[in-house]
Amino acid sequence: MTYQEKKSIVSFISAILIFGTYCLYMYPRYPGSLESPETFRYWGSFVLILLVFSILAHIMISIIFTIIYRITSKEKEPGFADELDKLVDLKANRNSFFVFIIGFLLAMGSLIIYQHSQVMFIILIISGFISDLTGSLTKFYHYRRGV
């Protein structure tokens, strides 16, 4: 398996672990009522802290992966991106953005059909998570099968 394939697998697994861990941490803190100001504060903090937590965790996992890869394989990670890498990244970003935009439209549609505002937040959070997974899977697929 190539470095890029291993990195996309690690990214996929780490996204699941980060999101799952954060949701288990935040679930007991849910305020309970549906339309109170605490609910909006909860969902706002949920999203913002998830972004920061996810970015920091991905950076740490990427550093740890690079160190472990270098120790186990005695090779350096590729220092440049060739045309294949750029094309795979573009396709992964396209698929990831497409999934998120569909989720965003569904979240806005939930407001149109008079769902609670927490439904919108849940759809947005889940679509962000699924878009992250979609990007990792797309990279793995294109590195494995070609473009």
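## Pockets first

A pocket here is an open set of points on a 1 Å grid over the protein atoms alone, where a 1.4 Å probe fits and protein lies on both sides within 12 Å along at least five of seven lines. Lining residues have an atom within 4 Å of a point. Grid points are joined across faces, edges and corners, and a volume is the space filled by probe spheres set on those points. With that in hand, the largest pocket holds about 650 Å³ of space.

Before going on, a word on what you're looking at. This is a predicted model, in which local features need pLDDT of at least 70 and side-chain atom pairs count only at pLDDT 80 or more, while totals for chains, interfaces and linings use all residues. Residues are numbered from 1 along each chain as its sequence is written, and side-chain values use heavy atoms, with hydrogens and water left out.

## The overall build

The protein chain has four helices and zero strands, so its elements read α-α-α-α from the N terminus on, given that helices (H or I, at least four residues) and strands (E, at least two) are DSSP runs numbered from that end. Taken along the principal axes, the C-alpha atoms fill a box of roughly 55 × 30 × 20 Å.

Of the 147 residues, 29% count as buried; buried means under 20% relative accessible area, exposed means over 50%, and partly exposed is in between (1.4 Å probe, protein chains only). The accessible surface of the chain comes to about 9,700 Å², and 72% of that belongs to carbon and sulfur atoms. Those areas come from the Shrake-Rupley method with a 1.4 Å probe, and for residues only the protein chains shown count as cover. As for contacts (heavy atoms within 4.5 Å), residues 24 or more positions apart account for 74% of those with a separation of 6 or more.

## Who lines the largest pocket

The largest pocket has 27 lining residues, and Lys 7, Ser 8, Ser 11, Asp 89 and Lys 139 lie nearest its centre. The largest share, seven residues, comes from α1.

By class, this lining has 10 nonpolar, 11 polar and six charged residues. For that count, Ala, Val, Leu, Ile, Met, Phe, Trp, Tyr, Cys and Pro are nonpolar, Asp, Glu, Lys and Arg are charged, and the others, Gly among them, are polar.

Leaving out residues up to four places away in sequence, Phe 19 touches Leu 50, Ile 125 and Phe 129. Is Phe 19 buried or exposed? Phe 19 is buried, because its relative accessible area is 16%. Phe 19 and Phe 53 are 34 residues apart in sequence, yet their C-alpha atoms are 9.3 Å apart in space.

## Two long-running helices

The expected span of a helix is 1.5 Å times one less than its number of residues. In α3, 30 residues reach 43 Å from first C-alpha to last, close to the expected 44 Å.

Buried residues of α2 include Trp 43, Phe 46, Leu 50 and Phe 65, and their cover includes α1 and α4. In α3 the buried ones include Val 88, Ala 92, Ser 96 and Gly 103; α1 and α4 are again part of what covers that helix's buried residues.

## Two loop residues with positive phi

Most residues other than glycine have a negative phi. Lys 74, in the loop between α2 and α3, has a positive one, near 60 degrees. Lys 74 counts as exposed because its relative accessibility is 72%.

Tyr 114 is found in the loop between α3 and α4, and its phi is also positive, near 60 degrees. With a relative accessible area of 77%, Tyr 114 is exposed.
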